[in-house]
Amino acid sequence: MAKTAERKIEVCEVKMKEKGRFDKEIVWLEDKFKETMEFLYNLDDTEKGFYYKQNTKVCFLAQIQFQEKYILGFLKSTSFGTKPDLLDSQTLTSRINTREIHEGDEQKTHFLVRRSDGAMFLEKAQSRCVGRTDFETYIRRKTKEYRKNIGISNYFISQLINGDFFEELDKLQDLNAITIKLDRAIQSGQNKAFEAMYGEGEEIGTEVTTLGLQMKRGNVFSKARANRYIKDKVHAIKNGADITNIRIRGKQDGKSKLLDFSKVTEEIPVQVNVDEGNLVNSEHMYSILINIATTREPLSKREPLDDEEIGEDMDDDE
């Protein structure tokens with residue numbers, strides 16, 4: 001009987017911004033994404049690796065398949081930089097680890113992109129796998145020069161929410177604070193999200209890593225204003241702004257309640273075949289991803305926001 005393990009599939013959306021477009025719109029361009037994946041896969045072995053997490057992890061695109069409806073593949077990755085002695089669980093004795101300092105346990109992160117609308121179904125990161133933001137950064141960094149030649153300013157892999165976030169928001173009677181968490185601690189003049197929100201009035205905070213609407217003298221926000229503000233910021237996340245999370249603190253039936261955007265992203269639990277090293281069987285994972293992609297409705301039917309355009313037409317890397 002095959003050994004199985006639980007994994008989660010994160011539902012995302014792939015989009016990109018074309019150079020020269022000043023309407024602030026990011027779109028799904030299937031042909032450009034296909035070309036980009038081919039470029040990454042065909043890089044020379046000496047150029048493929050993307051090093052991140054202070055050079056303690058590395059990943060690269062190890063397999064890519066182009067089917068009629070889907071683009072499938074996986075990234076290989078590992079953590080490295082340490083090699084403690086090995087401890088035998090049966091004899092409780094230690095021995096020197098012969099692994100080189102630049103070697104680590106191999107991991108795979110599988111994904112499927114639906115060619116019709118850019119929906120991405122991504123194996124959620126285990127401890128040494130590649131996360132959504134890592135994948136996005138990998139594509140951006142390794143194509144910095146190449147994408148100029150195909151007319152792409154940047155790539156975005158955005159989270160999708162499961163709908164409960166706004167349902168729970170509607171249940172709150174009072175809203176006391178809305179906090180926007182930024183991607184990294186950088187000055188306001190260097191952060192698109194901060195710049196976009198800085199002009200919204202005195203209620204915008206000026207902390208380095210967070211900003212948002214803050215309660216004043218026990219007052220609360222109007223539901224309509226808070227709902228619109230939050231939806232704007234969710235849209236900004238989808239359009240590649242440097243926002244990673246939104247937290248809303250309020251009251252429901254007289255009790256304090258905290259809503260966390262990062263905890264309502266759309267994820268699907270699955271059982272997948274693994275080997276003795278707990279490495280996922282790729283063919284089994286692909287069949288699971290295809291089944292999910294086949295039954296999951298088009299992105300246009302699940303959009304939680306109005307079709308607004310937020311963000312600046314500029315490169316993140318430049």
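Which residue's side chain meets that of K76 in a salt bridge?

## The K76 pair

The partner of K76 is E106, with an N to O distance of 3.6 Å in this predicted model.

K76 has a relative accessible area of 25% and is partly exposed. E106 is also partly exposed, at 41% relative accessibility.

## A pair within helix α1

K34 and E38 form a salt bridge in which the closest N and O atoms are 2.7 Å apart. The two residues are four apart in helix α1 (residues 30-41), which means that about one helical turn separates them.

K34 is partly exposed, its relative accessible area being 24%. For E38 the relative accessibility is 29%, and this residue likewise counts as partly exposed.

## A loop-to-helix pair

A salt bridge also joins K53 to D134, where the closest N and O atoms lie 3.9 Å apart. K53 is in the loop between β2 (50-52) and β3 (57-66) and D134 is in helix α3 (residues 132-142); the pair therefore ties together parts that are 81 residues apart in sequence.

The relative accessible area of K53 is 42%, making this lysine partly exposed. D134 has a relative accessibility of 13% and counts as buried, because buried means under 20%.

## Network and total

K8, K124 and E267 are linked in a network of salt bridges. The count for the model comes to 14 salt bridges.

Terms used: Residues are numbered from 1 along each chain as its sequence is written. This is a predicted model: local features need pLDDT of at least 70, side-chain atom pairs count only at pLDDT 80 or more; totals for chains, interfaces and linings use all residues. Side-chain values use heavy atoms; hydrogens and water are left out. A salt bridge is a side-chain nitrogen of Lys or Arg within 4 Å of a carboxyl oxygen of Asp or Glu. Buried means under 20% relative accessible area, exposed over 50%, partly exposed in between (1.4 Å probe, protein chains only).
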